[in-house]
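Let us take a friendly walk through this model, one region at a time. Keep the viewer open as you read.

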Amino acid sequence: MNLKELYQEIILDHGKNPRNLGKFDNFNKDAKGHNPLCGDKVHLFLKLDENKKVNDISFEGEGCAISMASASIMTDLMKGKSEKDAKEIIEKFLDMIKEKDDIDTKLLEEDEKTKLMSLGGVKNYPMRVKCATLSWHALSSALEDFQKEVTTE
Ligand code: ZN
């Protein structure tokens, strides 16, 4: 199996059988995303614990295989990450999906990077980039909201 086939297989797998699908009860942050160009919708649920670590994360949504696979892969690898690390991973992922050939971070294992790189094929298709980044922007907005609440407390 070459790399391109491996990437396709990862997207198909996560697109058909999304991980972390469905709302859970005790989330303390959530954010919605909508990609009208393609019709993708995502509602992200997040539980940050007292140490600002991602205790649990899930999503509800509907849309194309790319958007669902991206949300599935993203929620999978954000579990257990700190808020700070999550933000760095979001930034590096968005860099990769838009223009870079690699994900330049030490925060991810090689197999986690491979999963993210599988979405990198959308680079040449600006419409598809919006599908792949939708859930990531939703996570970013959920985290920003959390920060605001922390500073007022
Ligand atoms: Zn889409």
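Threonine 114 lies in helix H4 (residues 110–117); helices (H or I, at least four residues) and strands (E, at least two) are DSSP runs, numbered from the N terminus. Residues are numbered from 1 along each chain as its sequence is written, and this is a predicted model in which local features need pLDDT of at least 70 and side-chain atom pairs count only at pLDDT 80 or more, while totals for chains, interfaces and linings use all residues. Side-chain values use heavy atoms, with hydrogens and water left out.

Threonine 114 is partly exposed, with a relative accessible area of 25%; buried means under 20% relative accessible area, exposed over 50%, and partly exposed in between (1.4 Å probe, protein chains only). Leaving aside its neighbours within four places in sequence, threonine 114 is in contact with Leu6, Tyr7 and Ile10, where contact means heavy atoms within 4.5 Å. Isoleucine 10 and threonine 114 are 104 residues apart in sequence, yet their C-alpha atoms are 9.1 Å apart in space.

## The sheet

Next comes an open sheet of three strands in the order E1-E2-E3, with antiparallel pairing. Two strands pair if DSSP finds at least two bridges between them. E1 and strand E3 (54–62) are the edge strands, each pairing on one side only.

| Strand pair | Bridges | Direction |
|---|---|---|
| E1 (residues 29–35) and E2 (residues 40–48) | seven bridges | antiparallel |
| E2 and E3 | eight bridges | antiparallel |

Phenylalanine 45 in E2 stands opposite aspartate 30, and its bridge partner in E3 is serine 58. In the hairpin of E1 and E2, four residues lie between the strands, and glycine 39 takes a positive phi near 95 degrees.

In a regular strand the side chains alternate between the two faces of the sheet.

## Aromatic rings

How many aromatic pairs does a search of the whole structure find? There are three aromatic pairs. Rings of Phe, Tyr and Trp (its six-membered ring) pair if their centres lie within 6.5 Å; planes under 30 degrees apart count as stacked, over 60 as edge-to-face and the rest as tilted. Phenylalanine 24 and phenylalanine 27 form an edge-to-face pair, 6.3 Å centre to centre with 80 degrees between the planes. Phenylalanine 24 is buried at a relative accessible area of 13%, while phenylalanine 27 is partly exposed at 26%. Together with Phe45, Phe24 and Phe27 form one aromatic cluster.

Serine 72 lies in helix H2 and is buried, with a relative accessible area of 0%. Leaving aside neighbours within four places in sequence, serine 72 is in contact with His14, Pro18, Arg19, Asn20 and Phe59.

H2 (residues 65–78) also meets helix H3 (residues 83–98): their axes come within 11 Å and cross at roughly 145 degrees. Axes are lines fitted to C-alpha atoms, for helices over the stretch in contact, and angles run from 0 to 180 degrees between N-to-C directions. At this meeting, Ser70, Leu77 and Met78 in H2 touch Ala86, Ile89, Ile90 and Phe93 in H3. The residues of this contact divide into six nonpolar, one polar and no charged; Ala, Val, Leu, Ile, Met, Phe, Trp, Tyr, Cys and Pro count as nonpolar, Asp, Glu, Lys and Arg as charged, and the others, Gly among them, as polar.
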